[in-house]
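Q: Could you take me through how to read ring and side-chain features in a model like the one below?

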Amino acid sequence: MTMMVNGVCYHVEQYGEGEPLLLLHGFTGSADTWRPLAPFWPDFRVMAVDLLGHGRTEAPKDARRYRIEHAAADLAALLDEWGVEQVNVLGYSMGGRLALAFAVWHPRRVRRLVLESSSPGLETEEERRARREADEALARKIETEGVRAFVDDWEKIPLFATQQTLPDPVRAAIRRERLRHTATGLANSLRGMGTGVQPSFWERLGELAMPVLLVCGERDEKFCRIAAQMHERLPNSELICVKGAGHAIHVEQPGIFAKIVSEFMTKGEV
């Protein structure tokens with residue numbers, strides 16, 4: 001289904017009934033990435049969103065529209081349209097950065113927060129400047145060479161090396177999902193919502209009172225290290241490192257990932 005919020009037409013999907021669970025995908029992903037997991041969460045009202053420039057959601061030409069503060073405001077507006085005051089939020093990678101931003105800026109609307117292979121951004125301006133330059137170069141390459149050439153290269157980066165052993169149908173589905181994007185959407189997502197553009201939330205982690213679950217794959221050393229550092233600063237967090245998994249735990253080990261999330265969401269309930 002489609003929903004118009006703040007002047008942009010969003011594609012959203014819903015499954016089941018119960019306590020709301022908002023799912024936010026990573027860069028080059030879409031709501032489709034969560035569809036295989038929905039059957040594992042029958043007691044939740046699962047709400048998956050194609051983020052700006054991704055999937056079937058609009059891809060504005062102005063990169064400033066993609067900034068994380070606007071994306072977080074769009075999530076709040078979507079919840080208002082759904083009539084949902086408070087929600088559990090699960091975000092993966094880029095979607096995890098947005099989930100964290102939403103929790104920082106709208107803490108009363110987040111019941112529980114799950115961050116999969118994510119970060120609070122870069123701590124120094126020097127790091128952010130270098131990342132902005134790298135993302136701009138990549139954005140121009142996408143616009144010049146096209147989405148297919150970009151996806152061919154993207155599939156080979158070390159971050160996704162652990163996905164090479166996935167079954168062929170799973171890898172084919174991921175590739176189809178990536179190829180459905182537009183050059184404008186991906187390029188502007190990098191420019192507007194890349195790690196080098198967003199604020200650093202490292203100093204604001206201590207403000208988050210809601211329960212937070214940090215999930216990383218043991219073969220993704222960088223994000224396991226980031227998760228451990230976040231765990232030290234968050235006042236009410238758990239950290240789970242999934243053995244044998246890389247960056248995209250929900251893809252590589254969906255059953256285990258779904259069980260981890262379910263147990264966290266229902267912890268303390270009778």
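A: Start with a charge over a ring. In this predicted model, arginine 112 is placed over the face of phenylalanine 264, 5.3 Å from the ring centre. Arginine 178 lies over the face of phenylalanine 160, at 4.9 Å from the ring centre.

Q: How is a pair of aromatic rings described?

A: Two values are given: the distance of the centres and the angle of the planes. The whole structure holds 5 aromatic pairs. For phenylalanine 150 and tryptophan 154, the ring centres are 5.3 Å apart and the planes are at 35 degrees, so this pair is tilted.

Q: Where do phenylalanine 150 and tryptophan 154 lie?

A: Both are in helix H4 (residues 147-154), 4 residues apart, about one turn of the helix. Phenylalanine 150 and tryptophan 154 are both buried. Ring pairs also join Phe150 and Trp154 with Phe27 and Phe160 in a cluster. Phe160 is the ring that has arginine 178 over its face.

Q: Is glutamine 198 buried or exposed, and why?

A: Buried means under 20% relative accessible area. Glutamine 198 has 3% relative accessibility and therefore counts as buried. The residue sits in the loop between helix H6 (183-193) and strand E7 (212-217).

Q: Which polar atoms lie by the side chain of glutamine 198?

A: The glutamine 198 side chain makes a polar contact with the side chain of arginine 97 (2.7 Å). A polar atom of that glutamine side chain also lies 3.3 Å from the backbone oxygen of proline 120. Beyond neighbours within four places in sequence, the contacts of glutamine 198 are Ile68, Arg97, Pro120, Gly121 and Arg128.

How values were computed. Residues numbered from 1 in each chain as written. Predicted model: local features only at pLDDT ≥ 70, side-chain atom pairs only at ≥ 80, totals over all residues. Heavy atoms only, no water. Helix = DSSP H or I, 4+ residues; strand = E, 2+ residues; numbered from the N terminus. Buried < 20%, exposed > 50% of the residue type's maximum accessible area, 1.4 Å probe, protein only. Polar contact = N/O pair within 3.5 Å; in protein donor to acceptor, adjacent residues only side chain to side chain. Contact = heavy atoms within 4.5 Å. Phe/Tyr/Trp six-rings, centres within 6.5 Å; stacked < 30°, edge-to-face > 60°. Lys NZ or Arg CZ within 6 Å of the ring centre and 35° of its normal.
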